[in-house]
Structures are given as C-alpha cells and as structure tokens.
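Colleague: I'd like to learn how to read a model like this one. Could you walk me through it, one feature at a time?

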Amino acid sequence: MKTKLLLIYTGGTIGMAKDYETQSLKPFDFENLLKHIPELSLIDSEIQFTGFEIPIDSSDMNPDHWVELAKIIQKNYEFFDGFVVLHGTDTMAYSASALSFMLSGLQKPVIFTGSQLPVGDLRTDAKENLITSIHFASLQENGKPSIKEVCIYFEYKLLRANRTTKINAENFDAFASPNYPDLGESGIRLDVRSHVLRTEDPSIPFTIHTDLNTDLGLMKIFPGMSRAFIESMFRTDEMKVMIIEAFGSGNIFSFGWFKELLRKKSAEGLLFIINTQCAGGMVEIGRYETSEIFQEIGAINGFDLTTEASIAKTIYLLGQNLNSAEFKKLYEMDLRGELTYLKEY
Ligand code: ASP
C-alpha cells in the first residue's frame, strides 16, 4: 500500500519569487512551487498539500505559527503516515525544535525542509531537499513509519530537529547537529541510522501542547559588556526566565555588582538558564570559580542545548504553569532527545 504524506507549505526561499521592482525575494503561492517540481507526480507515495493561507518569510515566524502548524498536524495525524513541512531556513531550527516539544507521543515523522535558492532557480537545492524529505518520511518498517520524531532534512543530511542549528547563510550545507549524530544520510541509498533514532513509548497517546509563554530573555555575554546595558536588560517585569549564553563550560565575568544583580533577580523569582556560546560541548557549572555564582543562585543547567532548542524548550515549559522547582527539574531532563547529561551530574 502506498504511504500517505501531507506536505505543509509555510513559505521561505523554497517557494519565493523575485519582485522585479525591488529585486528582493518574496514568498509566493504554493501553485508556483508545484509548477517547478513536476517530479512530485513520479513519487511512489500519495501526497496531499496544505499550508498557511499566506506564506511567510520565516523571519516572521512566531509561536502563533507554531501552534497553527501543530494544529494542522493534529487534525491530519490519523490520516497520514508522515508530514513534510516546507519552511524558510532562517528560523527553521527554532520552529522545528518548538514542534518537537509541542508534539508528544509522536509515532510518525515530521520532517522540516527548505532551500537556499528558490525552486525556480536553475541551480536550486529545493528539489533534492524536498524529494528526499518525502522519501525519508515515507520509509516504513513492518508497516509502521521508521522515523518517529521531528527532523530537519537539508543537503543530504537528516538531523534531529532540536539538535540542529543553522550554520551557514550561503552554502547549501546550511545546517549542523554539533552534539548529536546525524540521523541519516542521502547518497546512492537512503541511510537511516536506526540506533540513534528516537523511540517513543507507543502507549503514550499523540497530543499537542499549545500553551506557550514567551516571557523570557536571552543574554549573550562578551568581554567588555557594559554595566548600563546589562542592567537595562533586567528592567522589565514581564520576564520569568533569562537564558545566559556564557563562555566555555558556563563561565562568566566575576564583577561584584554583577553577582549582586544575579542574587537580587534570583531572589525575586527570576530563573536563570546557563548555556554555552560554544557550538560543541556542554555546560559544567562549578568547574571553574567563574561559574560558582550560577551554583549559588541555583541556576538551571542547559547542558549542550542549542540556542534554538533552549528557547523553544523554555517557551514550551513556561506554558505549562510549573513552579520553579518543577520547571528546573523538567528543563534539566531529556524530554525529546534534545540534551545530553554530563555523566556525573
Ligand atoms: N529568509 C528566508 C526564510 O527564512 C531564507 C530561507 O528560506 O532560506 O524564509
């Protein structure tokens, strides 16, 4: 029996066309995309199409769009064997990470893809990305989907969504998963690395979580960062979580005024999550004296989370109305394959 897949078009370069007045690329309707990929009719799966009414550049994506996507998947979940989401590359890792948290009990593939050049361009990467994503999404074993998680497929690599980050604004090879092995590769054959795929307990029903909360801040530190600027970032009452992208294994400057600020904000109930600015490796709070302040205020360890997954996980967990202790406990747990524990932690 043919597999049934749903293709969800949200916008992005893949379907864009040039506005000849301004010379800039603008999202275009779905018909334009299909016109340029007649090969879709040769694929041995039954494909249906849906998408956002108005396709967008993914720079305009926000959590409301993530909810819309989750609802489309929920509405169609039982009728399809897998889902392919066409999305702009700029924020693909954010949306795909968010969906990985918002969909629980997932037993089917949700594969995000897009392209660096529009589908109408002679040298486009859109066709390969789309067609191979469809192939990965249609893989089955004993009549069940082989992949049961949210992924990104791009330039021959199948990656776990919440481990992925956009690393290049120009190359076709635009995404990487620095702290987790690639899930698959496309060569002469499609190679799926079954031993690194996620397995979800089949007794957990498929559910979507659409309560999200964006009361968070992100602070990337740098040498010479001014006190005035740092203090200005903490002036809002709306913030419940501040993610700090610290140096190396989670280190930060040790000015007395800065430590006082962290102590004060923490006592007021603000939660701190510590990530590393490094692309690879993980946070180890307390390894150096310069991270002891994080231990003192009970900061949350972000281990090896990508920025994208860290933000998405925060927005998802803030939506669950947890108290601080529950939030910290769940944040430091591996919920969807997004983080690796430090062994002795
Ligand atoms: N700005 C585009 C977007 O993210 C870039 C792309 O799709 O590659 O929608």
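**Reading the model, feature by feature**

Modeller: Let's begin with Asn 213, which counts as buried because its relative accessibility is 18%, and buried means under 20%. Keep in mind that this is a predicted model.

Colleague: Fine. Where does Asn 213 lie?

Modeller: Asn 213 sits in the loop between strand E16 (207-208) and strand E17 (216-220).

Colleague: And what does the side chain of Asn 213 reach?

Modeller: The backbone nitrogen of Asp 215, at 2.8 Å. Leaving aside residues up to four places away in sequence, Asn 213 touches Lys 240, Thr 314, Ile 315, Leu 318 and Gly 319.

Colleague: Let's zoom out. Which domains does the assignment give?

Modeller: The domain assignment gives domain 1 (3-208) and domain 2 (216-331). Their C-alpha centres are 31 Å apart, and the contact takes 13 residues from domain 1 and 13 residues from domain 2.

Colleague: How much area do domain 1 and domain 2 bury between them?

Modeller: About 1100 Å², with 64% of it on carbon and sulfur atoms. On the domain 1 side, Tyr 94, Phe 101 and Asn 179 supply 51% of the area buried against domain 2, more than any other three residues.

Colleague: What about charges? How many salt bridges are counted between domain 1 and domain 2?

Modeller: The count is one salt bridge. Look at Asp 304, which forms a salt bridge with Arg 163; the closest N and O atoms there are 3.0 Å apart. For polar contact, the rule finds three residue pairs across the interface of domain 1 and domain 2.

Colleague: Which elements give two or more residues to the side of domain 1 that touches domain 2?

Modeller: Those are H3 and strand E12 (165-166). H3 gives the most to that side, with five residues.

Colleague: Then show me a residue in H3. Is Ala 93 buried or exposed?

Modeller: Ala 93, which is in helix H3, counts as buried, with 2% relative accessibility. Not counting residues up to four places away in sequence, Ala 93 touches Ile 152, Ala 161, Thr 164, Thr 165 and Glu 308.

Colleague: Now for Thr 306. Where is Thr 306 found?

Modeller: In the loop between strand E20 (300-301) and helix H8 (307-318). Thr 306 is buried, its relative accessible area being 10%. Its side chain reaches the backbone nitrogen of Ala 309 at 2.9 Å. Setting aside residues up to four places away in sequence, Thr 306 touches Asn 162, Arg 163 and Thr 164.

Colleague: How should I read annotations taken from a record? Which residues does the "binding site" annotation cover?

Modeller: In UniProt, as an unreviewed entry, the "binding site" annotation covers Ser 58, Thr 89 and Asp 90. They span 33 residues in sequence, yet no two of their C-alpha atoms are more than 7.0 Å apart, so they gather at one spot.

Colleague: Let me look at two of those. Is Thr 89 buried or exposed?

Modeller: Thr 89 counts as buried, at 5% relative accessibility. You'll find Thr 89 in the loop between strand E5 (82-86) and helix H3 (92-102). Not counting residues up to four places away in sequence, it touches Ser 58, Ser 115, Gln 116, Phe 154, Lys 166 and Phe 175.

Colleague: And what is the relative accessible area of Asp 90?

Modeller: It is 43%, so Asp 90 is partly exposed. Asp 90 lies in the loop between E5 and H3. With residues up to four places away in sequence left out, Asp 90 touches Asp 57, Ser 58, Ser 59 and Lys 166.

Colleague: One last annotation. Which residues does "domain: L-asparaginase N-terminal" cover?

Modeller: The UniProt annotation, from an unreviewed entry, covers residues 4-194. The end C-alpha atoms of residues 4-194 lie 22 Å apart, and the span is 24% helix and 30% strand.

Notes:
Residues numbered from 1 in each chain as written. Predicted model: local features only at pLDDT ≥ 70, side-chain atom pairs only at ≥ 80, totals over all residues. Heavy atoms only, no water. UniProt positions renumbered as here; feature names shortened; annotations may be inferred. Helix = DSSP H or I, 4+ residues; strand = E, 2+ residues; numbered from the N terminus. Buried < 20%, exposed > 50% of the residue type's maximum accessible area, 1.4 Å probe, protein only. Contact = heavy atoms within 4.5 Å. Domains from an automatic or database assignment. Buried area = accessible area lost by both parts, 1.4 Å probe. Salt bridge = Lys/Arg side-chain N within 4 Å of Asp/Glu carboxyl O. Polar contact = N/O pair within 3.5 Å; in protein donor to acceptor, adjacent residues only side chain to side chain.
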